[in-house]
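Subject: Structure handover

Hello,

Here is the structure we talked about. Please open it alongside the notes below.

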Amino acid sequence: MIKRLVDAWVRQRFDVDKMRGPVEKQLKKPLPHNVGWFHTLGSMSLFLFLSQVVTGILLLVYYRPTVNEAFESVKFIMTKPYMGWLYRQVHAWGANLMVIVVFLHMLRTYITGSYKKPREVTWIFGVFLFIFTMIFGFTGYLLPWNQLAYWATTVGTEVAGSVPIVGEWIRTLMRGGPSVGSETLSRFFVIHVIILPWLLVLLVLIHLFLVRLQGVATMERVDEEKEVDKAHGTPFFPTHVLKEGIVFYILLGILITLAILAPFDLGEKADPLTTPHAIKPEWYFLPFYQVLKYFPKLAGIFVVTLAPIFLFLWPFLDRNKERDPRKRPFAVGFCILVLLSLFIFGVVGYLSETERQLFGKTYYFDVYGLPHAGTAAEHMAKLTDAEVK
Amino acid sequence: MKTNHAEQPETSRRHFLDWILKGGFLATLLGMFLPALTYLWPVTRRGPVGGMVEVGREDDLAVWGAKKISIGESPMILLRTPQSFKAYSAVCTHLGCLVEWSADKRLIECPCHAGFFDVEGRVISGPPPKSLVGHTVRVVDGKIFVKL
Amino acid sequence: MSHHRNLNHQAAHFITNERGSFFVYFGILIILLFLSTHPLFANTDNENQCIACHSDYWEEMQASIHSRNGVACQDCHGGDPAQADQALAKGPETGYIGVPEKDQAVQRCGNCHANVEFMNPYGIRTDQLARYLTSTHGKRVMVDHDMKAAACMDCHGYHDVIAVSDPNSPVYPSNVPKTCNHCHGNERLMEPYHHPTDVFDQYRESVHGKALFEKGNLAVANCAACHGSHGAVPPGVKDLGATCGKCHVNEKKYFLESPHAAAMVEGKFSECTSCHGFHDVQHPTAALYEKACLNCHATGTTEYQLGQAIERELNNAEQAFEKTKGTVKQAAIEGFFVEEEAANLEEVKTHLIEIKSVQHTLNNHFLTERHDAIVKSTDEIERSIRHKRLSHKQRQWMLVPIWVFIVIMVLVLYRKYKQLKNQKD
């Protein structure tokens, strides 16, 4: 009854029928047959972004972005307001999951060859989105202002500063001064809370618009794509959306489970005078951080910047017209190689400068990841002065 | 045209499923936003501790009297002289015992090694090497605020 | 005749005109300047002729506190500073004594420094001479005429005496041990007195030495603080308590309540050093009860067992504190709100430090009281944190209904999805 009244009221003011058409078209848009479960990853990235925005806004109510209050405010959030701890943990875990999901989405796009003509621009926007997601992570990591945050940011900005010629300038600009401090916190806060969110909204809208405009890629060869019609495609709504719903609920479950079973520490308040042993950046930067150790400065920077450059240029470097991964052995092989090296260097980076017990014996992994029998203390004693430096 | 009879169990089951779905979505939305509302409701008189903290009323502290207070994790001693209020970290600079106020001597003393500090927190005698760390005190509307 | 007149006239003319008069005045100036450098007419700061020859001592003296206050060569050495001629300056009526003998020098110093009226405006003590005469150094120099012992200038310097509060002074607190060690570390010098020469090394490794040299704590005990400076005499067995008790007030107070106080009066027990040592005193730990008691008490005796019981309680209290400190820290790192517990821990810390003073009573009852208070507090803190952890664990139960709900939704969605697919096909 009420529904009919509202309907009538709206119809008297807006041309609902004119809107209905395009909306229905978008909703019922037929998707090619190759669209499967892995095609929900894009929406999951969006869901995680929205989750971060909502939890981020809630955290913002109590968070104080000053050196004196930041740590205390995070402690407050974790202990006083109702469910405050949940929002903080969901936000922290959401950040990690978002990096993973965006990466997996990118991987899916790569494997299905969807980045090829005519969708190169969509891919470029996607790579930007991935990079900005990592920057989101980098800037957000500092905000709790604990020892981990402070020193990881010091190391991260130090690496940025080792770029030739403009390095020092970049580092000073990032830090807002000679070292990480209140200015750094302010800048990172501004970037994390206003600049990046709006930037991402804009980029996501464009990215989605392009996807809708050009339609989801099929598995047919480049220049041989056939338009999907209603009879042969799966309607986006409700069929594909249902799939997304399933994955959404499972992802939500994982997010909350991680928030409760593996919560992030509050940590110790940042102390610029005490450097903890073996500071490392967050896991998604670890492979690059580790690789940098093996090369002298300039060469290292060069090697590491190859990665994003490659990502951007890939659709233009790849001349193969095939989309089917089975028909693209080189591309798939290269991808596996990259994945393996990311994994290996990530693990090595994780193990480096730590003491582990393996099969009953103690080993100390040095800064390059090489294992030495004995404890950390024993290893340190053996180092010469030059090596210590 | 299918008969109504044959359709009934199918459609009712479908409707049942739809009901669950709609209910489930509603529950999910509510589950996300209702806690948010409770989260936003102010839970303590003040938000996160930082800056000036209220520690008591002016009238509660007699002249030449003192009070032990704890702000965050920092134990402090609050004094009142005829001219002003003073607040110092109660951690003795010698070995970390908590200092006390001696009303008859009008000095801050440490019970551990007989370190004595004057009302300005300066060491008068005993082993402490440095003066007590001072904190700014302000009195507004009869309420005493101490800066962390 | 006219020639003379001419010359005179010329001369007069020369002097009276402008250029001439300039040369005349200039010439007179030059002559005066030349004369002024002649020792006979030379003026120095204090009209002091001594430094004309003894300029090296003047350099030393210039920065000294004496020269800044008008004390000059003649005040200590005698002589007439106004005389440039050596014989006259050091003549018999001038009171010149040259380099004084030590006992002479002490008297000379005392002439001013023991004169209350004279020293009044300078605001420093005047009892140094009186104390010195009671000291071992003083008796050796003034009575035994043993010039090897220390006198004023051996510690304070000769011509370059500066204020005690100046960090460069040899008697500034952190320099005192080194100054004493000049003699007391010299084996050849100390041999006739049978004094040990390793005291400085012992002191340097002691808790006082480390505090002074490594941490720059000037309030800590140095040689002069315990032995006295001007009245330096080794503390005898009875004097130790007063010496150590100057700073360690509570320990002394509690010690006097202990059974050892009586032994001290009888001279059988040296208050502090019997257990703690003196020059090499280290930061005491409960392990001291193992070593020190055995000096007099055999194992198995009641006294020894009391010591063991005290040691156990001390260790127990210490361990409880350390454990709880770790628990609180870990909880704080994880993000639990433990400010109250941390504040309580500060109080426990105070008790713990107190108990270390109280143990000098060697009275188990006092100790047990404090020990029990400590253990009770730490237990409470641990319990409180356990309770907080438990309520966190309870959050895990939330997961059950959540996952039940999720599983239902996933199943329903999947069912619907399958339905739609079948429908289409």
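A residue counts as buried here when its relative accessible area is under 20%. On that cut-off, A:Ala331, A:Val332, A:Cys335, A:Gly346 and A:Gly349 are buried in α13(A). Please keep in mind that this is a predicted model.

More on that helix. Helix α13 of chain A covers residues 329-351, 23 residues in total. From first C-alpha to last, α13 of chain A reaches 32 Å. That is close to the 33 Å expected at 1.5 Å a residue. What covers its buried residues? The cover includes three helices of chain A: α5 (84-111), α11 (286-294) and α12 (297-317). Just after α13(A), A:Glu353 takes a positive phi of about 60°.

Now chain A as a whole. Chain A has 15 helices and 5 strands. Its C-alpha atoms fill a box of roughly 80 × 55 × 50 Å along the principal axes. Of its 389 residues, 46% count as buried. Take the contacts in chain A between residues at least 6 apart in sequence: 73% of these join residues at least 24 apart. The accessible surface of chain A is about 20,900 Å², and 71% of that belongs to carbon and sulfur atoms. On charge, chain A carries 39 positive and 30 negative side chains. The centres of these two sets lie 7 Å apart.

Last, chain C. Chain C is divided into domain 1 (21-89), domain 2 (100-234) and domain 3 (305-424). The C-alpha centres of domain 1 and domain 3 of chain C are 81 Å apart.

Best wishes

Notes. Residues numbered from 1 in each chain as written. Chains lettered and ligands numbered in written order. Predicted model: local features only at pLDDT ≥ 70, side-chain atom pairs only at ≥ 80, totals over all residues. Heavy atoms only, no water. Domains from an automatic or database assignment. Helix = DSSP H or I, 4+ residues; strand = E, 2+ residues; numbered from the N terminus. Buried < 20%, exposed > 50% of the residue type's maximum accessible area, 1.4 Å probe, protein only. Contact = heavy atoms within 4.5 Å. Areas by Shrake-Rupley, 256 points an atom, 1.4 Å probe, with all protein chains shown as cover. Lys, Arg positive; Asp, Glu negative; His and termini not counted. Charge placed at Lys NZ, Arg CZ, Asp CG, Glu CD. Expected span 1.5 Å × (residues − 1).
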